[in-house]
Amino acid sequence: MNPQSRRLCLTVLLACAATPQARGALARGRQLTTQDYARAEQFMPYDTAPLVDDDVQKVHWLKGDRFWFIDHDARGDHYRIMDAATGKAAAAFNQIKLAAALGNALGKRVDPAKLGITAIRIKHGRLEITRRGKHFQCNLSGAGHCSARPKPTGSGKEPGILSPNGKLLAFIRDWNLWVREVATGKERQLTFNGVKNFGYATHNAGWVHSNRPVLNWSPNSREIATFQQDQRKVGEMYLVSATVGHPKLEKWKYPLPGDQHVFMIEPVVIHVASGQVTRLQLPPQQRLSSLCDELSCNNNGHWDDLQWAPHSKTLALVTTSRNRHHEWFRIANARTGAVRTVFEDSVSTYYHSGIGAVDWRYLPASGQVMWYSERNNWGNLYLYSLASGRLEHPITTGKGDVTQVLHVNRATGTVWFRAVGRTPGVNPYYEQLWKVGLHGGEPTLLTPQDCDNVISMSPDGKYFVDSCSTPRRAPLTTLRDANTGRILATVARANLSRLRAIGWRPPQQIVVKARDGKTNLYGLLFKPTDFDPHKQYPIVDYIYPGPQIGSIFTFRFEPSDYDDQSLAELGFIVVAIDGMGTPYRSARFHHLWYGDMGDDTLPDQVTAIKQLAQRYPWIDLNRVGIWGHSGGGNAATDAMFRYPHFFKVGWAESGNQDNRDYENDWGEKYQGLLVRYPDGKTNYDNQANELLASHLQGHLMLTYGTLDDNVPPENTEIVVEALIKADKNFNMIAIPNVRHGYGYATPYITRRRWDYFVRYLAGNIPPAHFALKPWPWR
């Protein structure tokens with residue numbers, strides 16, 4: 001593609017030509033008012049979250065078995081510290097005095113009830129805090145004083161990774177790796193042969209890219225394990241800004257399925273003192289994760305598939321085949337670069353090393369490896385010998401997926417892990433905490449309550465904090481003993497009184513049968529708070545097809561699930577259902593439509609909505625809508641094309657409409673390697689929405705950001721072209737200068753989506769103008 005020709009003249013179609021039937025429906029429709037929309041906005045997350053008191057789902061551990069947390073109520077935020085040994089909690093500091101000291105340092109008033117502190121560190125009796133990205137050192141004795149201090153990562157502009165001893169920061173400059181002394185700011189170059197597109201620690205996976213390095217420091221802070229990434233021959237992606245005057249062209253490396261050249265990495269160990277670079281004795285490897293579509297799944301710069309030994313002499317590395325069918329577990333000598341392949345694992349669809357995180361562990365002291373596998377149809381843990389590479393025995397067995405390993409006590413040989421589906425009669429999506437010995441045996445359930453558990457373990461593994469909740473039950477947060485699960489203290493008990501005072505009601509948990517008529521599917525259903533069972537309501541299906549996650553982000557308590565309740569307030573039933581092909585429910589469930597991404601869980605969505613309409617006469621099966629973002633935008637478009645008689649209105653945001661136009665490691669994992677047949681067809685045709693565009697019958701809105709560097713604009717534009725060629729009416733909004741998330745335009749697009757369903761699905765008339773508040777976290 002010629003980048004200069006990439007500046008397209010995009011026509012924004014703001015209205016469809018309504019059919020006579022639609023015009024008649026609108027003529028008979030109810031006029032909604034700004035008061036109706038204001039009522040709906042009351043249930044947006046930014047309005048409901050502040051009304052939940054004493055909801056502590058996240059704590060931050062400090063040294064000495066203490067942790068700090070924020071306890072919010074009508075008076076504001078209260079910063080508290082609990083001592084796990086005693087179970088006693090107290091104010092972390094004098095908030096009024098701290099606010100005054102911060103105000104003096106900033107030259108403006110700071111509200112003591114809204115301090116906005118995101119990090120607390122107590123060092124040598126001094127209080128160090130991070131507030132809105134700025135760092136302060138405070139002394140609250142006497143009148144109190146705070147002074148701004150340099151970032152703990154040093155004074156340079158480049159983002160970096162801090163060494164374990166806190167003395168050095170590793171960062172990228174001009175395609176090479178450097179270190180900076182935190183105390184003095186002195187910089188030193190470590191590598192010298194990095195060149196453009198063949199640099200060290202490069203953070204570019206196509207869909208995500210930045211100047212932050214990807215690397216792992218050794219425990220002794222003397223070595224850095226990273227890689228030199230070769231992207232010199234990889235194809236480029238282009239975006240063009242909308243501006244007055246000459247536009248800015250953005251281009252970066254972005255491989256697609258079937259490309260001959262993709263990202264390749266050469267793992268290295270850099271010895272910081274000498275600057276010596278030791279290359280691991282391996283051919284170039286695919287830049288792939290055993291779990292996600294980025295080497296650092298949390299995007300924090302940590303290379304998840306590389307683990308150092310505690311003595312810093314060796315490291316373990318897992319590498320992956322391009323088709324995700326094969327994994328290699330290897331051990332490398334950090335000094336010589338010698339590599340030994342310990343064992344390999346193969347699957348017929350795609351391998352993944354966990355759900356919530358990479359769950360293999362390198363255990364050199366005992367000469368073993370903990371490995372994650374779905375070989376018995378469930379995600380379980382297995383113990384391998386480092387010496388022989390043979391399986392010693394399973395650590396966990398039976399039904400139910402291990403979702404995340406939280407702690408391994410190497411001295412006692414004990415593993416703490418979260419899991420789902422292991423307790424009969426409990427919602428299979430509720431995560432519970434278990435412990436088991438590395439020798440195997442029967443695991444011990446530490447959180448037997450019938451709820452979802454958010455767990456934060458102490459670094460030494462002696463304690464954990466558990467927030468237990470369901471979509472209908474407010475969180476109860478407790479401090480517990482990690483060996484027995486015994487409750488030691490109550491941290492907080494959430495109070496929903498202020499939330500209920502505005503009329504809030506929890507969603508209804510629903511269970512329906514999947515496409516096979518046997519498997520249970522789980523979901524959430526939202527009704528208007530003025531629900532009348534004698535009326536019939538149109539239904540809107542919020543969809544995200546996965547395969548890495550489903551439509552429901554969590555089954556724990558949330559005061560608002562995005563804007564599901566807000567949309568329901570405008571006269572709809574709203575549902576979210578996790579269909580087959582999404583995680584947490586066994587390998588067969590998760591991998592069901594491998595190689596057929598056009599499935600998009602839609603057979604399950606259709607049968608589920610039909611069952612709900614049969615069960616509840618207040619659901620109007622003749623008025624079914626669907627919407628989603630990203631993968632959900634793809635699925636919403638797919639639904640309108642594959643089931644045109646069922647779904648009448650669709651809203652599709654930033655969808656990867658044909659995965660041949662999306663990053664290679666996504667499609668090649670879930671659809672397989674691209675195969676071109678002699679007749680010109682491919683194995684990707686079954687997921688290409690543009691090939692189905694002629695089937696459209698209902699109302700479809702397509703939206704995207706013109707600077708989307710995750711799912712680039714042509715993903716939507718190829719569908720637009722196909723719809724025009726098929727002479728189909730549709731709507732489109734191209735949002736100038738926004739990425740995959742819509743930034744400044746989020747309130748506008750949300751309101752337009754409400755308008756669209758109100759007008760075309762409910763047959764009502766939206767207010768002439770209503771502006772949602774700017775979203776505070778966008």
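**Disulfides and nonpolar cores**

Tutor: Both Cys 138 and Cys 146 are buried, where buried denotes under 20% relative accessible area, exposed over 50%, and partly exposed anything in between, with a 1.4 Å probe and protein chains only. The model is a predicted one, in which local features need pLDDT of at least 70 and side-chain atom pairs count only at pLDDT 80 or more, while totals for chains, interfaces and linings use all residues. Residues are numbered from 1 along each chain as its sequence is written, and side-chain values rest on heavy atoms, with hydrogens and water left out.

Cys 138 and Cys 146 form a disulfide with their sulfur atoms 2.1 Å apart; a disulfide is here a pair of cysteine sulfur atoms within 2.5 Å. The torsion about their S-S bond is about 110°, so this disulfide is right-handed.

The structure holds three disulfides. Counting bonded cysteines along the chain, their pattern is 1-2, 3-4, 5-6.

Another of these links pairs Cys 292 with Cys 297, at a sulfur separation of 2.2 Å. The torsion about the S-S bond is -95°, and the link of Cys 292 and Cys 297 is left-handed. Cys 292 is buried, at a relative accessible area of 16%, whereas Cys 297, at 28%, is partly exposed.

Cys 451 and Cys 468 are also joined by a disulfide, S to S 2.0 Å. The link of Cys 451 and Cys 468 is left-handed, with -125° about the S-S bond. Cys 451 lies in the loop between β34 (440-445) and β35 (452-457), and Cys 468 in strand β36 (residues 463-469), so the pair ties together parts that are 17 residues apart in sequence. Strands (E, at least two residues) are DSSP runs, numbered from the N terminus. Cys 451 counts as buried at 0% relative accessibility, and Cys 468 counts as buried at 7%.

As for the nonpolar packing, the largest nonpolar core has 137 residues, and Phe 329 and Phe 572 touch the most other members. Such a core is a set of buried Ala, Val, Leu, Ile, Met, Phe, Trp, Tyr and Cys residues joined through side-chain atoms within 4.5 Å. A second, separate core of 20 residues includes Leu 62, Trp 68, Ile 81 and Ala 101. Leaving aside residues up to four places away in sequence, Phe 572 touches residues including Phe 526, Tyr 537, Leu 567, Phe 757 and Leu 761, contact being heavy atoms within 4.5 Å.

How values were computed
Helices (H or I, at least four residues) and strands (E, at least two) are DSSP runs, numbered from the N terminus.
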